[in-house]
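This report describes one protein structure for a reader who has not seen it before. Please look at the sequence and the structure first, then read on.

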Amino acid sequence: MESLHASFEVFKGKQFFINATHEGSYISSSFILHHGDYMHYHLAANDPSAYPLAGNSLVISEACHWGVENGKKELHLGGAGSDENLYRFKRNFTKAPPLELLMGKKIRMPEAYDQLSEAKKAQEGIKHPGYFPHIVGNGWDERLYKEREEKRF
């Protein structure tokens, strides 16, 4: 909890929440980070019983309005993995082509990475040991794994 509180101090002035309410209740919220020309839709939560009200769409729309008013150039909505519905939802906010997913490949804390790898191996095994990072969940879509393997250098 201490590190979470510290992150709010580090990012002071570079973050905000946007909430959508209906009849006095929160139906959707998002945590937005921003710096320079860019914004990042970092975390979101929605009341499932209020999905028909499209509170999440309103939250993203308001984030875009805030960005335009504050000179931001882009709002990154994050990836969608193999969730086709989430992908379509996010694509509805832009006409620009999707960006290629890039992943860092440098281990900055090798001891911690090794500990996580061993814990993952002991807990459920490592389905794709040649894939980096191999500590990700085994629930990764096999199709995405194969696409990434084909693009490897």
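## Ser29 and its surroundings

Apart from its neighbours within four places in sequence, Ser29 is in contact (heavy atoms within 4.5 Å) with Ile18, Asn19, Leu43, Ala44 and Ala45. This is a predicted model, in which local features need pLDDT of at least 70 and side-chain atom pairs count only at pLDDT 80 or more, while totals for chains, interfaces and linings use all residues. Residues are numbered from 1 along each chain as its sequence is written, and side-chain values use heavy atoms, with hydrogens and water left out.

Ser29 belongs to strand E2 (residues 25-35); strands (E, at least two residues) and helices (H or I, at least four) are DSSP runs, numbered from the N terminus. Ser29 counts as buried because its relative accessibility is 18%; buried means under 20% relative accessible area, exposed over 50%, and partly exposed in between, with a 1.4 Å probe and protein chains only. The side chains of Ser29 and Asn19 are joined by a polar contact of 2.5 Å. Such a contact is a pair of N or O atoms within 3.5 Å; within protein, one must be able to donate a hydrogen and the other to accept it, and residues adjacent in sequence count only if both atoms are side-chain atoms.

## The sheet

Four strands make an open sheet of mixed pairing, in the order E1-E2-E3-E4; two strands pair if DSSP finds at least two bridges between them. E1 and strand E4 (74-76) are at the edges with a single partner strand each, so one side of each has no neighbour in the sheet. From one strand to the next, the twist averages 30 degrees. Here axes are lines fitted to C-alpha atoms, for helices over the stretch in contact, and angles run from 0 to 180 degrees between N-to-C directions.

E1 and E2 run antiparallel and are joined by eight bridges, with Gln15 opposite Leu33 in E2. The two strands form a hairpin with two residues between them, and Glu23 in the turn has a positive phi of about 50 degrees. Strand E3 (residues 38-46) pairs with E4 in the parallel sense over three bridges, and Met39 stands opposite Leu75 in E4. H2 packs on the sheet and touches E1, E2, E3 and E4; its direction makes about 140 degrees with that of E1.

## Aromatic pairs

The whole structure holds three aromatic pairs. Rings of Phe, Tyr and Trp (its six-membered ring) pair if their centres lie within 6.5 Å; planes under 30 degrees apart count as stacked, over 60 as edge-to-face and the rest as tilted. Two of the pairs are listed here.

| Pair | Centre to centre | Angle between planes | Class |
|---|---|---|---|
| Phe16 and Trp66 | 4.5 Å | 45 degrees | tilted |
| Phe17 and Phe31 | 5.0 Å | 40 degrees | tilted |

Phe16 is in strand E1 (residues 15-22) and Trp66 in helix H2 (residues 55-69), so their pair ties together parts 50 residues apart in sequence. Phe16 counts as buried at 16% relative accessibility, and Trp66 as partly exposed at 25%. Phe17 in strand E1 and Phe31 in strand E2 are 14 residues apart. Phe17 counts as exposed at 54% relative accessibility, whereas Phe31 is buried at 10%.

## The core

The largest nonpolar core has twelve residues, including Phe16, Ile18, Met39 and Val59. Such a core is a set of buried Ala, Val, Leu, Ile, Met, Phe, Trp, Tyr and Cys residues joined through side-chain atoms within 4.5 Å. E1, E2, E3 and H2 are the elements that give two or more residues to this core.
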